[in-house]
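Student: Could you take me through this structure feature by feature, giving the general idea before the particular case?

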Amino acid sequence: RLALPLVHSITTIKLPLSKSDNTYITMAESEAPPTHEELLERFKNVTSLGIAEQCKYFLREFVSDFAGNFEEVLNLSEEFKTYAPEGGDDDVRELEEDKAHLFLERRGETMTVKELRDALREIDVDKNNKVCFIEYCMFKYEKTLEQLFAEKPKSSAELLRQLEEAIALHEEVMAKRKEDDDKMKELEKASQGTGVKAMKAKAELEQMRVRSQTGQNMAEVRAAFKKKQAQRNLAKADPLEEEMKRVELEKKKRADEEAMKRKESQRRLKEKAAAFGN
């Protein structure tokens with residue numbers, strides 16, 4: 001069960017003021033922590049977001065928990081979307097109870113929807129017997145409202161950067177996958193005919209299927225993303241700083257070469273001295 005523990009000490013809580021991910025109100029340590037009702041009201045803002053945005057919010061708040069494995073939750077959100085009306089467009093935020101049950105069954109999670117609803121009872125804002133993506137994540141990963149809205153360590157800036165890169169890559173991969181799926185549907189339809197066009201469509205469709213099965217398409221998307229990322233990083237770089245780094249590397253290289261020469265010279269001198277001694 002997902003339980004909300006009592007707050008026994010004064011803490012610092014970060015609360016979203018609205019749907020924006022970047023607008024927060026932070027309570028001073030000397031102030032009383034928010035009540036359970038206040039947390040639920042803040043949570044209602046989050047659950048009003050679409051599935052993709054709920055996923056991003058959850059990952060940003062628990063970024064250190066999923067470092068190196070952001071794809072797990074991102075892919076989970078894509079799976080969750082397939083059970084939502086219209087394939088999970090941005091305005092879809094929750095599953096009907098029967099769809100949620102099917103989602104759990106196909107994931108091999110044996111709990112019943114009733115068990116899930118019981119576990120989520122305390123954070124089910126509108127009591128409508130539906131399951132939002134972030135509700136499911138909080139249940140699956142055993143998170144509480146206090147944890148969701150707590151002030152996070154400032155040291156997580158680098159992890160947040162990595163997360164944003166992972167999200168951007170994930171979105172590019174999903175966009176490419178949708179583009180390929182739409183193209184394959186068109187080719188499937190065109191291949192049903194006769195003549196040269198139908199034969200050409202069949203051949204192109206088979207090529208796309210092979211590329212999809214081998215993962216070549218997605219590998220190309222990932223490679224292109226990394227290349228663009230490197231180009232963006234280069235564009236942001238300070239030319240003077242980069243030149244100074246290059247000069248320092250050259251200096252180190254020359255110093256290493258000189259050190260090697262000195263060692264070689266000393267070795268030869270020792271060999272000559274040993275030869276004369278004999």
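The dialogue below goes from the chain as a whole to its cores and then to its aromatic rings.

Tutor: Before we start, note that this is a predicted model, in which local features need pLDDT of at least 70 and side-chain atom pairs count only at pLDDT 80 or more, whereas totals for chains, interfaces and linings use all residues. Residues are numbered from 1 along each chain as its sequence is written, and side-chain values use heavy atoms, with hydrogens and water left out.

Student: How many helices and strands does the protein chain have?

Tutor: Helices (H or I, at least four residues) and strands (E, at least two) are DSSP runs, numbered from the N terminus. The protein chain has eleven helices and four strands.

Student: What share of the residues counts as buried?

Tutor: Buried means under 20% relative accessible area, exposed over 50%, and partly exposed in between, with a 1.4 Å probe and protein chains only. Of the 278 residues of the protein chain, 34% fall in the buried class.

Student: Which residues touch the most other members of the largest nonpolar core?

Tutor: In soluble globular proteins, nonpolar side chains tend to be buried together. A nonpolar core is a set of buried Ala, Val, Leu, Ile, Met, Phe, Trp, Tyr and Cys residues joined through side-chain atoms within 4.5 Å. The largest one here has 38 residues, and Phe58 and Val73 touch the most other members. Helices that each supply at least two residues of this core include H1 (36-47), H2 (51-61), H3 (70-81) and H8 (157-190). Apart from it lies another core, of five residues, among them Met184, Leu187, Ala201 and Met208.

Student: What does valine 73 touch?

Tutor: If residues up to four places away in sequence are not counted, valine 73 touches Cys55, Phe58, Leu59, Phe66, Phe133, Cys137 and Tyr141, where contact means heavy atoms within 4.5 Å.

Student: How many aromatic pairs are there?

Tutor: Rings of Phe, Tyr and Trp (its six-membered ring) pair if their centres lie within 6.5 Å, and planes under 30 degrees apart count as stacked, over 60 as edge-to-face and the rest as tilted. By this rule the count is nine. The rings of phenylalanine 58 and phenylalanine 66 have centres 5.8 Å apart and planes at 55 degrees, so this pair is tilted. Phenylalanine 58 is buried at 0% relative accessibility, and phenylalanine 66 is buried at 6%. For phenylalanine 80 and tyrosine 136, the centres are 6.5 Å apart and the planes at 25 degrees, so that pair is stacked. It links distant parts of the chain, with phenylalanine 80 in helix H3 and tyrosine 136 in helix H6, 56 residues apart.
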